[in-house]
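Grab a pencil and have a look at the structure below. Try each task yourself before you read its solution.

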Amino acid sequence: MNKVEIRKQVKELFLENHENLEKQNDTIVQKIIESQEYKNASVVLAYMALPDELNLKQIIKSCIQNNKKTAVPCVISEQQGIMQFCFLEADKKGNIKTKKGSFGIEEPVINKQNIVDLESLKKENILFLVPGRAFTKEGYRLGRGKGFYDRFLTQAQTMKNVCIAGVCFSFQIFDELPVQEHDIQMNKVFY
């Protein structure tokens, strides 16, 4: 299958599995929270989910409660596929301050203090949770096709202190995907 066919199949699988998604989501989130990668991380790069992605709100809440620095993407340019990660800020009650951003996704308001600079995090253990349309068990990923994550993954993969982990539902795991030379392999996939 080519990338377009796989993306179409995943879309159909979401419709077929919609009744079981919440339970699966909770199980996968718990698996992540109990993992050594999460426990060892002082910084977590997560995301605010689209309706057809694994929802990480519980992980983000856990990060805030456990004083882990937590960042999610902020889209800088939809046309050019450019995003930046920004640290989340919580009020005294633990509520996260966000606004509706590109594609209707919640994101932090960007300011000079909250933009993630990976170079400044070289002494931190980082868990980078990456969404995708499909993954292989070996960690190959098929995204939505716009390249937002590919650009950031290229930078993150050069760092020794980063665990890049794909996150998806079990029906998003494929035996093989069309892989190109520039595609970044995940260190782990949670499903």
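You're working with a predicted model, where local features need pLDDT of at least 70, side-chain atom pairs count only at pLDDT 80 or more, and totals for chains, interfaces and linings use all residues. Residues are numbered from 1 along each chain as its sequence is written, and side-chain values use heavy atoms, with hydrogens and water left out.

**Exercise 1. Work out the strand order of the open six-stranded sheet, and find its edge strands.**

Step 1: Know your pieces. Strands (E, at least two residues) and helices (H or I, at least four) are DSSP runs, numbered from the N terminus. Two strands pair if DSSP finds at least two bridges between them.

Step 2: The order is 3-2-1-6-9-10, and the pairing is mixed.

Step 3: Look for strands that pair on one side only: these edge strands are strand 3 (82-87) and strand 10 (188-190).

Step 4: Zoom in on one pair. Strand 1 (residues 43-45) and strand 6 (residues 126-130) run parallel, joined by three bridges. L45 has F128 as its bridge partner in strand 6.

**Exercise 2. Find which residues touch the most other members of the largest nonpolar core.**

Step 1: Define the core. It's a set of buried Ala, Val, Leu, Ile, Met, Phe, Trp, Tyr and Cys residues joined through side-chain atoms within 4.5 Å. Buried means under 20% relative accessible area, exposed over 50%, and partly exposed in between (1.4 Å probe, protein chains only).

Step 2: Check L129's contacts (heavy atoms within 4.5 Å). Leaving out residues up to four places away in sequence, L129 touches several residues, including I32, V44, L45, A165 and F190.

Step 3: Think generally. In soluble globular proteins, nonpolar side chains tend to be buried together.

**Exercise 3. Are R133 and T136 buried or exposed?**

Step 1: Locate them. R133 sits in the loop between strand 6 and strand 7, while T136 is in the loop between strand 7 (134-135) and strand 8 (141-142).

Step 2: Use the areas. R133 is buried because its relative accessible area is 5%. T136 is buried too, because its value is 2%.

Step 3: See what surrounds them. Not counting residues up to four places away in sequence, R133 touches, among others, F14, D52 and Q172. With the same exclusion, T136 touches F174, D175, E176, L177 and V189.

Step 4: Spot a polar contact (a pair of N or O atoms within 3.5 Å; within protein, one must be able to donate a hydrogen and the other to accept it, and residues adjacent in sequence count only if both atoms are side-chain atoms). The side chains of R133 and D52 make one of 3.2 Å.
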